[in-house]
Amino acid sequence: MKYEILSKDFTNGLLERFLRYTRQWTTSDPDRADQGIVPSTDRQWDFAKSMVQELQELGITDVSISEHCYVCARLPATAGMEAVPAVGFIAHMDTSSEVSGENVQPQVVQNYDGNPIQLKGGATLDPAVDTKLQQVVGDTIITSDGTTLLGSDDKAGIAIIMTGLQEIIQKKLPHGTIEIIFSPDEETGHGMDFVPIEWLTAKQCYTFDGSTGGEIEDECFNAWRSDVVFTGKAKHTGYARPDMVNAVSMMADFLSLLPRHEAPETTDNYQGFYCPMDMSGHIEESKVSIYLRDFDAASMERRKETVEILAKAVVAKYAGSSVEVNHNFQYLNMKAKLDQQPHIMENLVKAVKMAGIEPIFRPIRGGTDGSRLTEMGIPCPNIFTGGHNFHSRMEWASLSQMAYGVLTLLNLVSLQADK
């Protein structure tokens with residue numbers, strides 16, 4: 001069984017849905033999420049409620065929102081398909097707090113001609129710099145206006161899933177049980193903290209949270225956050241000599257010791273990194289939070305040890321000072337567990353090829369709700385959405401790549417029904 005290429009109405013509906021989603025403000029708050037508050041912002045509730053209404057309008061009756069704002073929807077199997085194993089699809093509702101997601105004004109560029117696109121604030125999308133733009137000449141692309149991010153991470157994923165559901169329902173395509181979860185707070189690292197895993201009957205799921213069309217991912221970083229707190233000694237700066245200890249200076253010295261060649265902006269592919277994400281302080285106390293990322297578990301342990309060694313080296317320079325280092329686990333590389341069930345990736349490869357494009361295999365230089373779900377025992381590789389330059393004012397999305405995402409979803413459902 002193979003679903004035919006969908007009509008122009010499908011693409012138009014996909015675009016309308018995506019634009020509508022991006023205009024809704026869903027930025028999450030990492031500080032509140034770190035305190036166990038999920039969802040971390042009330043605006044995610046607003047979006048979740050709109051998703052429930054839209055799912056119900058599609059004709060799905062088994063729809064709910066959990067107490068922590070997870071939208072759960074189940075489409076029962078069609079007649080004769082009750083024995084088909086259930087499959088789940090996951091996407092997240094929040095957007096990153098690194099760039100404003102309020103009052104997003106998406107810009108639609110029809111039949112992109114390959115020239116630079118000027119955005120507000122002096123930003124330019126230039127195909128000479130962003131070579132992915134060279135691959136979408138003639139396509140419809142959607143950008144932000146340059147004052148905010150766009151939100152394709154992960155509104156494109158949600159639009160793909162919702163459009164796929166609409167096609168399945170309206171065209172009465174045969175299928176087994178299909179389960180959907182739209183999660184809050186993925187961008188804070190807490191997207192699966194309160195997932196109602198007992199609600200899922202699917203033993204395999206797929207996240208739509210990737211980038212370039214064709215990319216499928218079964219491995220990601222191991223991730224930890226190191227919180228380093230330096231304690232100094234406050235004193236009037238006019239009489240500081242000889243015993244004032246400036247914790248801000250300590251933090252600056254510590255940051256200068258981090259390997260410059262192991263930063264996010266100086267690494268790619270399978271290279272890990274250290275990344276200071278947030279800092280605050282005053283003379284008596286300063287704090288910096290650092291993301292540690294590595295594909296190899298043993299190398300991650302060395303990174304944690306390096307942070308401790310560098311922190312102690314700084315303390316040795318400042319008599320009377322002290323430091324505390326706390327390592328906080330975030331997520332694991334999902335590859336080992338996915339390798340135990342190779343049929344899941346085999347199905348995904350087939351589904352992408354059936355859509356008419358070649359699979360591209362790349363590691364995720366980050367994590368997804370799927371990596372957390374895999375860790376919990378439900379294997380969940382990641383699928384492209386057509387979004388690019390996530391978490392930035394230069395974000396853009398390809399409509400055709402999003403459409404291929406819908407076809408991939410339909411093909412996964414088809415392959416599942418053929419079992």
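Thr-41 sits in the loop between helix 2 (30-34) and helix 3 (42-57). The model is predicted. Thr-41 is buried, because its relative accessible area of 7% falls under the 20% cut-off. A polar atom of its side chain lies 3.0 Å from the backbone oxygen of Thr-27. Setting aside neighbours within four places in sequence, Thr-41 is in contact with Thr-27, Ser-28 and Asp-29.

Val-136 is another loop residue. Its place is between strand 6 (124-125) and strand 7 (141-143). Buried or exposed: which is Val-136? Val-136 counts as buried, because its relative accessibility is 3% and the limit is under 20%. Beyond neighbours within four places in sequence, the contacts of Val-136 are Tyr-112, Ile-141, Trp-396, Ser-398 and Gln-401. Asn-111 is 25 residues away from Val-136 along the chain, and their C-alpha atoms are separated by 9.0 Å.

Now the nonpolar cores. In soluble globular proteins, nonpolar side chains tend to be buried together. The largest nonpolar core here has 59 residues. Phe-89, Ile-158, Ile-161, Leu-165, Ile-178 and Phe-182 touch the most other members. Helix 10 supplies the largest share of this core, 9 residues. A second, separate core holds 20 residues, including Phe-230, Tyr-274, Met-300 and Ala-311. Leu-165 belongs to the largest core. Apart from neighbours within four places in sequence, Leu-165 is in contact with Leu-55, Leu-58, Ile-60, Leu-75, Ile-178 and Ile-180.

Helix 8 spans residues 342-355, which makes 14 residues. From first C-alpha to last it reaches 20 Å, close to the 20 Å expected at 1.5 Å a residue. Its buried residues are Ile-344, Met-345, Asn-347, Leu-348, Val-349, Ala-351, Val-352, Met-354 and Ala-355. What do the buried residues of helix 8 pack against? They pack against strand 9 (205-208), strand 10 (215-217), strand 15 (360-361), strand 16 (382-383) and helix 10 (399-417). Gly-356 follows helix 8, and its phi is positive, near 105°.

Next come the aromatic rings. The whole structure has 8 aromatic pairs. Ring pairs link Phe-221, Tyr-270, Phe-273 and Phe-295 into a cluster. Charged side chains also sit over rings. The charged end of Arg-303 lies over the ring of Tyr-274, 4.8 Å from its centre. Tyr-274 is also one of the residues in the second core. The charged end of Lys-304 lies over the ring of Trp-224, 3.5 Å from its centre.

Some backbone angles deserve a look.

| Site | Feature | Angle |
|---|---|---|
| Asp-153 to Asp-154 | cis peptide bond | omega near 15° |
| Arg-241 to Pro-242 | cis peptide bond | omega about 15° |
| Lys-172 | positive phi, not a glycine | phi about 50° |
| Asn-389 | positive phi, not a glycine | phi near 55° |

Where do these sites fall? Asp-154 is in helix 4 (residues 152-170). Pro-242 is in the loop between strand 11 (222-231) and helix 5 (247-257). Lys-172 is in the loop between helix 4 and strand 8 (178-183). Lys-172 counts as exposed, because its relative accessibility of 74% is over 50%. Asn-389 lies in the loop between strand 17 (387-388) and strand 18 (396-398). Asn-389 is partly exposed, with a relative accessible area of 31%.

Terms used: Residues are numbered from 1 along each chain as its sequence is written. This is a predicted model: local features need pLDDT of at least 70, side-chain atom pairs count only at pLDDT 80 or more; totals for chains, interfaces and linings use all residues. Side-chain values use heavy atoms; hydrogens and water are left out. Helices (H or I, at least four residues) and strands (E, at least two) are DSSP runs, numbered from the N terminus. Buried means under 20% relative accessible area, exposed over 50%, partly exposed in between (1.4 Å probe, protein chains only). A polar contact is a pair of N or O atoms within 3.5 Å; within protein, one must be able to donate a hydrogen and the other to accept it, and residues adjacent in sequence count only if both atoms are side-chain atoms. Contact means heavy atoms within 4.5 Å. The expected span of a helix is 1.5 Å times one less than its number of residues. Rings of Phe, Tyr and Trp (its six-membered ring) pair if their centres lie within 6.5 Å; planes under 30 degrees apart count as stacked, over 60 as edge-to-face and the rest as tilted. A charge sits over a ring if NZ of Lys or CZ of Arg is within 6 Å of the ring centre and within 35 degrees of the ring normal. A nonpolar core is a set of buried Ala, Val, Leu, Ile, Met, Phe, Trp, Tyr and Cys residues joined through side-chain atoms within 4.5 Å.
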